[in-house]
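This report describes one protein chain for a reader who is new to structures. Keep the sequence and the 3D view open while reading.

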Amino acid sequence: MPKKTPLRMCLGCREMKPKSELIRIVKSPENEISPDPTGKKPGRGAYICFDANCFKRTVKSNALSRTFNATITEDIINRLQEQIEN
Ligand SMILES: [Zn+2]
């Protein structure tokens, strides 16, 4: 039996994808939202494809602020964008 790959949903395109194809964004217990390239930070996580279009859709639809119930500042958006484009 092949090992099952855990799937997560991208907030942009809403497709289920293996975690390796997504970037994790985490809201820490201190309510700080940041990209989590290691996937190991504690807190509530959300996932977006490594794709600028998915990221744009996520920002446009406010999916992140709804998921985290928090305001997504320009600063956070810039940091996430950096991660996705690298
Ligand atoms: Zn996507």
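## The nonpolar core

The largest nonpolar core has 21 residues, and those with the most contacts inside it are Cys 10, Ile 25, Ile 48 and Leu 64. A nonpolar core here is a set of buried Ala, Val, Leu, Ile, Met, Phe, Trp, Tyr and Cys residues joined through side-chain atoms within 4.5 Å. Buried means under 20% relative accessible area, exposed means over 50%, and partly exposed lies in between (1.4 Å probe, protein chains only). Two or more residues of this core come from each of strand 3, strand 5, helix 1 (52-60), helix 2 (63-68) and helix 3.

This is a predicted model, in which local features need pLDDT of at least 70 and side-chain atom pairs count only at pLDDT 80 or more, while totals for chains, interfaces and linings use all residues. Residues are numbered from 1 along each chain as its sequence is written, and side-chain values use heavy atoms, with hydrogens and water left out.

## The whole chain

The protein has 3 helices and 5 strands. These are DSSP runs numbered from the N terminus: helices are H or I with at least four residues, and strands are E with at least two. From the N terminus on, the order of elements is β-β-β-β-β-α-α-α. The radius of gyration is 12 Å, close to the 12 Å that the globule rule gives for 86 residues, so the protein is as compact as a globular protein of that length. This radius is taken over C-alpha atoms, and the globule rule is 2.2 Å times the number of residues to the power 0.38.

Along the principal axes, the C-alpha atoms fill a box of roughly 45 × 30 × 25 Å. Of the 86 residues, 38% are buried. The accessible surface comes to about 5800 Å², and 48% of this surface belongs to carbon and sulfur atoms. Such areas come from the Shrake-Rupley method with a 1.4 Å probe; for residues, only the protein chains shown count as cover. Among contacts (heavy atoms within 4.5 Å) between residues at least 6 apart in sequence, 47% join residues at least 24 apart.

## The sheet

In what order do the strands of the open sheet lie? The order of its 3 strands is 4-3-5, with antiparallel pairing. Two strands pair if DSSP finds at least two bridges between them. Strand 4 (33-36) and strand 5 (44-49) are the edge strands, each pairing on one side only. On average, neighbouring strands of this sheet are turned by 30 degrees against each other, direction ignored. Helix 3 (residues 74-85) packs on the sheet and touches strand 3, strand 4 and strand 5; the direction of helix 3 makes about 5 degrees with that of strand 4. Axes are lines fitted to C-alpha atoms, for helices over the stretch in contact, and angles run from 0 to 180 degrees between N-to-C directions.

Strand 3 (residues 22-27) pairs with strand 4 in the antiparallel sense over 4 bridges. Arg 24 has Asp 36 in strand 4 as its bridge partner, and Ile 25 has Pro 35 in strand 4. A hairpin is formed by strand 3 and strand 4, with 5 residues between them; in the turn, Asn 31 has a positive phi of about 65 degrees. The antiparallel pairing of strand 3 with strand 5 runs over 6 bridges, and Leu 22 stands opposite Cys 49 in strand 5.

## Strand 3 and Ile 25

Is strand 3 mostly covered or uncovered? Strand 3 is mostly covered, with 6 of its 6 residues buried. Leu 22, Arg 24 and Val 26 are buried on one side, and Ile 23, Ile 25 and Lys 27 are buried on the other.

Leaving aside neighbours within four places in sequence, the contacts of Ile 25 include Ile 33, Ile 48, Leu 64, Phe 68 and Leu 80.

Ser 65 lies in helix 2 and is buried, with a relative accessible area of 18%. Not counting residues up to four places away in sequence, Ser 65 touches Ala 70 and Ile 72.

Arg 14 is in the loop between strand 1 (7-9) and strand 2 (16-18). Its phi is near 65 degrees, a positive value in a residue other than glycine. At 47% relative accessibility, Arg 14 counts as partly exposed. Asn 69 is in the loop between helix 2 and helix 3 and has a positive phi near 50 degrees. With a relative accessible area of 71%, Asn 69 is exposed.
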